[in-house]
Amino acid sequence: MAEALAVASGVAGLVGTGLKIGGQVEEYRQQKANAEAQRKLYEYNAKLERREADAALAAADQDAQRQRLEDARLRSAQGAAFGKSGVALSSGSPLALMGQTAAYQEMNVQDIHRKGAEKYGRHMGQYQSLMYQGRIAGANHMSKTSLGMGIAGTLVGTLPGTFAALGGMGGQ
């Protein structure tokens, strides 16, 4: 009876050890899968930020082009109005006014480009941050070394007692 109990205890110890190791392996797999899912999510969001950055530059270019066309129409209308009034456009106040108008218009166009570049920079900063977080998330799981050490610890902690229980039955 004592031998049967010792065998049952030893077998239960071996089964328990196997289940514990299986749980450790499953935890490793789950952590790795979760880390990979997090990495992919960060990278997806980073790609969206990159698209937004590129769209900001394209929108700024289009807005600047529209502004330049509108400005050219205004300068043409201004020149025509001066010409219609009989004012000489080759020198003096009308020429200075037209030059000043062109300078202000160009500053407005440059401001459009500056705002687009700022928006681009913000999105690119977010893009880089998300890519970095994705790399960190992808590596944030139990290493194979840690898994091996955990399994070794389980074996060292449980097998000697199990084998002692099994070995002890022969001595009685």
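Helices here are DSSP runs of H or I with at least four residues, strands are runs of E with at least two, and both are numbered from the N terminus. V11 lies in helix 1.

Now the ground rules. This is a predicted model, where local features need pLDDT of at least 70 and side-chain atom pairs count only at pLDDT 80 or more, while totals for chains, interfaces and linings use all residues. Residues are numbered from 1 along each chain as its sequence is written, and side-chain values use heavy atoms, with hydrogens and water left out.

Start with the overall picture. How many helices and strands does the chain have? It has 3 helices and 0 strands. Along the sequence, that reads α-α-α. The radius of gyration is 38 Å, well over the 16 Å that the globule rule gives for 172 residues, so the chain is more spread out than a compact globule. That radius is taken over C-alpha atoms, and the globule rule is 2.2 Å times the number of residues to the power 0.38. Along the principal axes, the C-alpha atoms fill a box of roughly 130 × 15 × 15 Å.

Next, burial. Buried means under 20% relative accessible area, exposed means over 50%, and partly exposed is in between, with a 1.4 Å probe and protein chains only. By that rule, 22% of the 172 residues are buried. The accessible surface of the chain is about 11400 Å², and carbon and sulfur atoms hold 60% of that surface. Those areas come from the Shrake-Rupley method with a 1.4 Å probe; for residues, only the protein chains shown count as cover.

Contacts now. A contact means heavy atoms within 4.5 Å. Take the contacts with a separation of 6 or more: 86% of them join residues 24 or more positions apart.

On to helix 2, residues 93–139. Helix 2 has 47 residues. From first C-alpha to last, helix 2 reaches 69 Å, close to the 69 Å expected at 1.5 Å a residue. The expected span is 1.5 Å times one less than the number of residues. Which residues of helix 2 are buried? Among them are P94, T101, Q105, V109, G116 and H123. Further along, the buried set includes M124, Y127, L130, G134, A137 and G138.

L48 sits in helix 1. The C-alpha atoms of L48 and Y127 are 8.1 Å apart, although 79 residues separate them along the chain. L48 itself is partly exposed, at 33% relative accessible area.

Now the charges. Side chains of opposite charge can pair when their charged atoms come close. The cut-off for a salt bridge is a side-chain nitrogen of Lys or Arg within 4 Å of a carboxyl oxygen of Asp or Glu. The whole structure has 8 salt bridges.

One is in helix 1, residues 2–85, where R39 and E43 are 4 residues apart, about one turn of the helix. Their side chains meet at 2.7 Å, N to O. E43 is partly exposed, with a relative accessible area of 21%.

Salt bridges link D111, R114, K115 and E118. D111 and R114 are 3 residues apart, about one turn of the helix. Their N to O distance is 2.4 Å. E118 also pairs with R114, and the closest N and O atoms are 2.7 Å apart. Those two are 4 residues apart, again about one turn. How accessible are they? D111 is partly exposed at 25%. R114 is partly exposed at 40%. E118 is partly exposed at 39%.

Back to V11. V7, V11, V15 and L19 form a nonpolar surface patch, with about 340 Å² of accessible area together. Patch residues have over 30% relative accessible area and no salt bridge; like charges are joined within 9 Å, and nonpolar side chains (Val, Leu, Ile, Met, Phe, Trp, Tyr) within 5 Å. V11 is partly exposed, at 44% relative accessibility.

Last stop, helix 3, residues 144–168, which holds T154. Is T154 buried or exposed? T154 is buried, with a relative accessible area of 4%. What does T154 touch, leaving out residues up to four places away in sequence? The answer is T17, K20, I21, Q24 and L159. G134 is 20 residues from T154 along the chain, and their C-alpha atoms are separated by 32 Å.
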